[in-house]
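The plan is to look things up one by one and jot down what turns up.

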Amino acid sequence: MDSELASRETPFVDAVAEQHFEGDATKAMASHAKKGLLGAKRASIDQLDSRAGKQSKGLLIELEASKHKLGFDASVSLEDLRAKMQKFASEREWEQFHTPRNLLLALVGEMGELSEIFQWRGECAPGLTDWSEKDKAHLGEELSDVLLYLVRLSDVCGVDLANAAENKIEKNTKKYPAEKCRGSSAKYTRYQQA
């Protein structure tokens, strides 16, 4: 792995390792996992201290996924997409067809097409490392269709999607406190009862 890539991933890896491993006894595990990522090799769960249990497994999953994180183009915003979709519809005089119901049904149809790409493939590794470039390009097209219909639907309904998403993330952070739900997929009501 080149030094530029390693320097870009190191802060993320450090943050994940610090989040999952506490105390001197487990620093070696965090170091081993980070080296595994930066060396483009997955750290073996068998080599990790058994006391770390679920935390080490969670770290390995996050580290493996982080190798494939590309991020999004920061120069494109939801507002940019909203404006382009509005202009696209306006230029074709399609506003008459872009009712909330019609847009929702179109979105559901696109979700079906997106789902079809994954159908019968079984579980897929983060980064889709065993997919062809043609399959990844097709996935990108279908993901884009879903996003664009979602953006258009939110615009027609008068919902600021970016703001709503930020608010939802904040709400979920409170519903699923990390210290209570780390490594668990249980519904939030379980944490509220505790």
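Pocket first. I looked up the lining of the largest pocket and found 20 residues, with L70, G71, F72, G140 and L143 lying nearest its centre. A pocket here is an open set of points on a 1 Å grid over the protein atoms alone, where a 1.4 Å probe fits, with protein on both sides within 12 Å along at least five of seven lines; lining residues have an atom within 4 Å of a point. The elements giving two or more residues to that lining are α4 (78-91) and α6 (133-157). I noted that α6 gives the most, with 6 residues. The volume comes to about 840 Å³, taken as the space filled by probe spheres set on the points, which are joined across faces, edges and corners. By type, the lining splits into 12 nonpolar, 6 polar and 2 charged residues.

A note on ground rules. This is a predicted model, where local features need pLDDT of at least 70 and side-chain atom pairs count only at pLDDT 80 or more, while totals for chains, interfaces and linings use all residues. Residues are numbered from 1 along each chain as its sequence is written, and side-chain values use heavy atoms, with hydrogens and water left out.

Next, the whole chain. I found 9 helices and 0 strands; helices are DSSP runs of H or I with at least four residues, strands runs of E with at least two, numbered from the N terminus. Buried residues make up 23% of the 194 in the chain; buried means under 20% relative accessible area, exposed over 50%, partly exposed in between (1.4 Å probe, protein chains only).

Then E110, which sits in helix α5 (residues 100-118). What is the nearest side chain of opposite charge to E110? I found R152, 14 Å away, and E110 is buried with no salt bridge (a side-chain nitrogen of Lys or Arg within 4 Å of a carboxyl oxygen of Asp or Glu). Beyond its neighbours within four places in sequence, E110 is in contact (heavy atoms within 4.5 Å) with E142, D145, V146 and Y149.

Most residues other than glycine have a negative phi. I flagged E93, not a glycine, with a positive phi of about 55 degrees, in the loop between α4 and α5. L128 isn't a glycine either, and its phi is positive at about 50 degrees; L128 lies in the loop between α5 and α6. Buried or exposed? E93 counts as exposed because its relative accessibility is 59%, while L128, at 14%, counts as buried.

Methods:
Lys, Arg positive; Asp, Glu negative; His and termini not counted. Nonpolar A, V, L, I, M, F, W, Y, C, P; charged D, E, K, R; others polar.
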